[in-house]
Amino acid sequence: MKRRNFVRGLLATPAAPAVLLGQQAAQPQPHPKPNTPARQNPREPHNVPQLATVAEDLSAQPAPRYFNEAQFATLCKLGALLLPPLKGNPGAVDAQAPEFLDFLISVSPDDRQKLYLCGLDALDAQARDKFQKPFSELDAQQADAILRPLLTARPWPADLPSDPLQNFLAQVHEDLRTATMNSREWALASEKSGHLFTRGFRTSGYYWAPIDPIYEG
Amino acid sequence: MPIKTYDVLIVGSGHSGGMAANILTGKGISCLMLNAGPEADYEKDRSLKHAYELPYRGFNKPGRLPHVFQANEFNANQWVDEKEVPYTHPADAPYNWVRVRLLGGRSLFWARQSFRLSDYEFKAGEIDGTDSWPISLADLAPYYSRVEQIFRVSGRKEGWPQFPDGDFVESTFPPDTDSIKRLTEICNKRGVGVSKWRSALGKDGLASSINLLLPDALATGKLDIVQNAIVRQITTDKNTGLANGAHFLDRHSGREMHVKARVVVLAAGCLESTRLLLNSKIANSSGVMGHYLVDQMYGVSVVASVPEARDGKAPPGLMGGNAFIPRFRNLKKSEKCNFIKGYCVTINSGGSASPNFFPLYGAELQAKLDSYANSCVSGGIFGERVARYENHVRIDDKVTDRWGIPVLHIEARDSENERNLTKDAADTIEEWFHEAGWEVICKTDRVNPPGYSIHEVGTCRMGNNPKKSVLNKWCQSHDIKNLFVVDGASFVTCGWQNPTMTILSLSMRASEYLAEQMRTRSI
């Protein structure tokens, strides 16, 4: 073939798919396999055993370290008051919900940390002001005198009170509840009682692992 | 190795892209599908777990996915990472853009509510003076029928013009409980019709492009799918102005690639398709691209407790079941409301009260919750927002995603019309519940931010006038005749209905039109 004709042939190629469309429909091309199978070197490890491991919560205690001693004591007191053990279910303290929230808030955005720190301090300050002792040492009646005026009804989940302390109480109440009902202790109690599903809470289900995560190097 | 030349490039693999691939390959047209994310392996990537086994005990990692209210720690990895692909919005106008980039897109996780739009939406201009579509229900009805058969939609036929019947699979519904019957009587007395949910049954628990549309397309041998391909620009021929392919980046390495095709079909999801077109700086001679962003309002809620069902004393047959009340407002021109458009109401019976409803704690709260358990009837809405020019997206040049692609700035606000509509909805449901003799324990007319419904549509609206619309009635660009947008971007109004059946039907119709144009060499 002369070089001129060869070049003409190359230039004509892009038009071909349009012209041949009808033929393509009549004579489908075999679909090439996109990849050849990868081969394993026989010296690579194989038949590697999968060892049994246990969850960290089964072999160790959480070590709270974010809140100071007074704040953590106030949070534990709130757990005991807002969600005590009821109907055979563990309470917030049994479920170590305060310990878990100590961790959760420590890794939360600034505004949530501030809400908790100020809220716990404010409750403690009110207790010392009204009863001359820390919130964590109040009896049920004294604590109720502080908490009840701060309680609000929330028809819309995101409709949080504008008052910072009411807002804190609404959120800590919900967080303690979630941390308790999502706990291992709650799951064991549910299993024992035969009530495996807790209405309104997703205590178990299908978890999606990271799918094809990007390799960060 | 010679690179295959494709007839059609399809960007996106959800319902609309899957339908385009299904129709086009069925007619012998070779397609390449590019999908921005990977393929999920339902066996490998998914496992049953307790919340306590997860690192954040089910709370999700704090600060992750702040705009995805649907996210929890179980499903967090389904959604697009907002840090990886951010977007911006005014501080006073939050927008929830909820995205999935897995192969199959949001078709993997949708709620399967399957409705047709009616001529109250298609011909809205004749009813309320807003804009009409360039097509009517009659144009789309044959495609709706075929889609409903593929997706196996169950439903009850009613013969109501605002709630067009479909080609439903044989559907049986359990008899209504007394609480649903009571509500139905109250609604019927007011001329409000009460029906049942219409839902896609799909196959094997899934009604997605990956199990209902793409397998047939692959079986033709005419479809190649490339995963992890992030399209950044549609390319055009400098002489003809026609689309001729796309630049894309490998999700892992960022390696840039280019693919050539005779036709480009965008199906990346309304806002991603529009972002791609805006970044490509094409097909916008009208200046309308990005405008008329709209979705539905969710969040209005009224919950009542049925007194005789409290304390576990509900007689058999009183509680349970559900009802679906399609739009009943503004169906007649003579009707005087302080808003246009309408909403549907969803009713569920037999639920329990949320602890948030009561200003109580400890044993007192638990006693209240126990007393009200399973005694509740709840009503929510899907409300139609008005598509308005000022609600729009544009490119934010100052912010780029992980791959250096400029992101979207989204600006959408509700108007007085939306506020009046949601107030009417909450007041109306409360009135029904009061008349039923039930105790209303929760009422709110607040709605979630725009975007929350995951039904965002518009931004490349269709129309007959190229100066006022981006696409023609075939979802084809007015400016570039070999460019189609087959996802929700073409919508003129959003209706109160879940848009999936309409997106699928429009994609089917556009794809058959495209195939015919290719057969006759018109494209």
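Hi everyone, let's start where the two chains meet: 51 residues of chain A are in contact with 53 residues of chain B, where contact means that the C-beta atoms of two residues, placed from the backbone, lie within 7 Å. Please keep in mind that this is a predicted model, in which local features need pLDDT of at least 70, side-chain atom pairs count only at pLDDT 80 or more, and totals for chains, interfaces and linings use all residues. Residues are numbered from 1 along each chain as its sequence is written, while chains are lettered from A and ligands numbered from 1 in the order in which they are written.

So what does chain A bring to chain B? Among the elements giving two or more residues to that side are α5 (69-82), α9 (164-181) and β1 (204-208) of chain A. Helices here are DSSP runs of H or I with at least four residues, strands are runs of E with at least two, and both are numbered from the N terminus. Which element gives the most? That is β1(A), with 5 residues. Sorted by class, this side of chain A has 30 nonpolar, 12 polar and 9 charged residues. Here Ala, Val, Leu, Ile, Met, Phe, Trp, Tyr, Cys and Pro count as nonpolar, Asp, Glu, Lys and Arg as charged, and the others, Gly among them, as polar.

Let's stay with β1(A). Running antiparallel to it is strand β3 of chain B (residues 46-50), joined to β1(A) by 5 bridges; strands pair if DSSP finds at least two bridges between them. One bridge to find on screen links A:Gly205 with B:Lys49.

Now for the inside of chain A. It has 10 helices and 1 strand, and the strand comes at the end of the order from the N terminus. Take helix α7 (residues 110-131) and α9(A): their axes come within 9 Å and cross at roughly 105°. Axes are lines fitted to C-alpha atoms, for helices over the stretch in contact, and angles run from 0 to 180 degrees between N-to-C directions. That makes α7(A) roughly perpendicular to α9(A), a label for angles of 65 to 115 degrees. Residues meeting there include A:Tyr116 in α7(A) and A:Phe168 in α9(A). The contact has 8 nonpolar, 3 polar and no charged residues.

Finally, confidence. Chain A averages a pLDDT of 83, and 79% of the residues score at least 70; pLDDT is the predictor's confidence in each residue, from 0 to 100. Over residues 1-30 of chain A the pLDDT is below 50. Where pLDDT is low, the predicted coordinates should not be read in detail.

Technical notes:
Angles under 35 degrees count as roughly parallel, over 145 as roughly antiparallel, 65 to 115 as roughly perpendicular and the rest as oblique.
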